[in-house]
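Please consider the model shown below, beginning with the surroundings of its ligand and moving from there to its strands and core.

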Amino acid sequence: MHAFAYARPATLAEALTLLEKHGPDARLLAGGTDLIVGLRQGAIRPAILIDLKRVAELRHVIDEVDGRIAISATAVMAEIENDDRVGRHFPALVEAAHVVGSVQIRNRATLAGNICNGSPAADTAPPLLVYGAVVVVAGLKGTRRVPIDDFIVGSHQVALERGELVTAIELPLPDRRLGAAYLRLTRRHGTDLASITLCCAVDEAGTTRLAYGSVGPRALLFIDESGVLADPGAPAEAKEAILERVFAEARPSPRSIRASPEYRRAMLRVLGARALRSAIERLAGG
Ligand SMILES: Cc1cc2nc3c(=O)[nH]c(=O)nc-3n(C[C@H](O)[C@H](O)[C@H](O)COP(=O)(O)OP(=O)(O)OC[C@H]3O[C@@H](n4cnc5c(N)ncnc54)[C@H](O)[C@@H]3O)c2cc1C
């Protein structure tokens, strides 16, 4: 592994000062489950690693404040899986967090790291899109809040400027009753990155939000306000026609070792219909 300096700041101001000073030569370390792999492979060659785990303002916290749940940048998947408020309001995020890697990975991997890494296959991206998450970004000049749909830019590209880091991910508490489901397709049971990730939520007013990933450079969100997708009595052909348009935006890579574009496109339709059915049933079941 290439040699690098290591810093363990105790405050956010210290972390941001280091980040500003070193710019692209610095990498932030949270759980390290993506970063260490990249370092080992030589794909990442930073001059300095800035460890966020001891930053006082970023300590492992999931909090409910002003109508939203804020998940701090060091909160890990296992904490998200076990948090009652996240489970009650955002069950599809819990379903996604629950399938990330293995128990060992989920005890280290942060939600912020999953999103900042920018993998098109990140399991938590579709539920965060569906639930309208907001990414809290801090720099020496201040804090800004970026909707997740604007934060995810492309494959391994997110909307962070030089000197910025993510301090939290916020989820607005839904103002309507929702039914939601997360599904993914993998080559095998157990630890594997997904060939398709997909989340669907329907609400009592008839709006459907559907997001999918791992079939193009970034996860995509679609909102159907026609009421057709959410209507348990709507004809299957009408729903299929809408889903066909939704999935037309998929751009699966022909070079992927995980699944062919044809298989991914076919399975998108299967998972889409399945997640929609499950979301409708969950809404009906309360
Ligand atoms: C064996 C294995 C299995 C895996 N399985 C899955 C899987 O099934 N599904 C899945 O989605 N992922 C999977 N992953 C990937 C990984 O676990 C997740 O992406 C994880 O959530 C990353 O979080 P982390 O805290 O480990 O991030 P790190 O590795 O510490 O960081 C990842 C990237 O984000 C940046 N970063 C981290 N925190 C911040 C911050 N606060 N602000 C700005 N930038 C930041 C880092 O600089 C780095 O570029 C797997 C990884 C391994 C090794």
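In this predicted model, helix α7 contributes the most to the shell around the ligand, supplying four residues. The shell holds 31 residues, and those that come nearest to the ligand are Ala 30, Gly 31, Gly 101, Gly 113 and Asn 114. Two or more shell residues come from each of β2 (26-29), α2 (35-41), α7 (111-116) and β10 (165-172). Both domain 1 (5-50) and domain 2 (61-172) take part, each giving at least three residues to the shell. Sorted by class, the residues around the ligand comprise 18 nonpolar, nine polar and four charged ones.

Attention may now turn to strand β11, which spans residues 178-185 and is mostly covered, with eight of its eight residues buried. The pairing of β11 with strand β12 (residues 196-203) is antiparallel and runs over eight bridges. Within this pairing, Leu 183 has Leu 198 of β12 as its bridge partner.

The last topic is the nonpolar core. The largest such core has 81 residues, among which Ala 92, Ile 115, Cys 199 and Cys 200 touch the most other members. With neighbours within four places in sequence left aside, the contacts of Ala 92 are Pro 127, Val 130, Ala 180, Ala 181, Tyr 182, Cys 199 and Ala 201.

Terms used:
Residues are numbered from 1 along each chain as its sequence is written. This is a predicted model: local features need pLDDT of at least 70, side-chain atom pairs count only at pLDDT 80 or more; totals for chains, interfaces and linings use all residues. A residue is near a molecule or strand if its C-beta atom, placed from the backbone, lies within 6 Å of it. Ala, Val, Leu, Ile, Met, Phe, Trp, Tyr, Cys and Pro count as nonpolar, Asp, Glu, Lys and Arg as charged, and the others, Gly among them, as polar. Domain bounds come from an automatic or database domain assignment. A residue is buried if 20 or more other C-beta atoms lie within 10 Å of its own, exposed if 12 or fewer, and partly exposed in between; C-beta atoms are placed from the backbone. Two strands pair if DSSP finds at least two bridges between them. A nonpolar core is a set of buried Ala, Val, Leu, Ile, Met, Phe, Trp, Tyr and Cys residues joined through C-beta atoms within 7 Å. Two residues are in contact if their C-beta atoms, placed from the backbone, lie within 7 Å.
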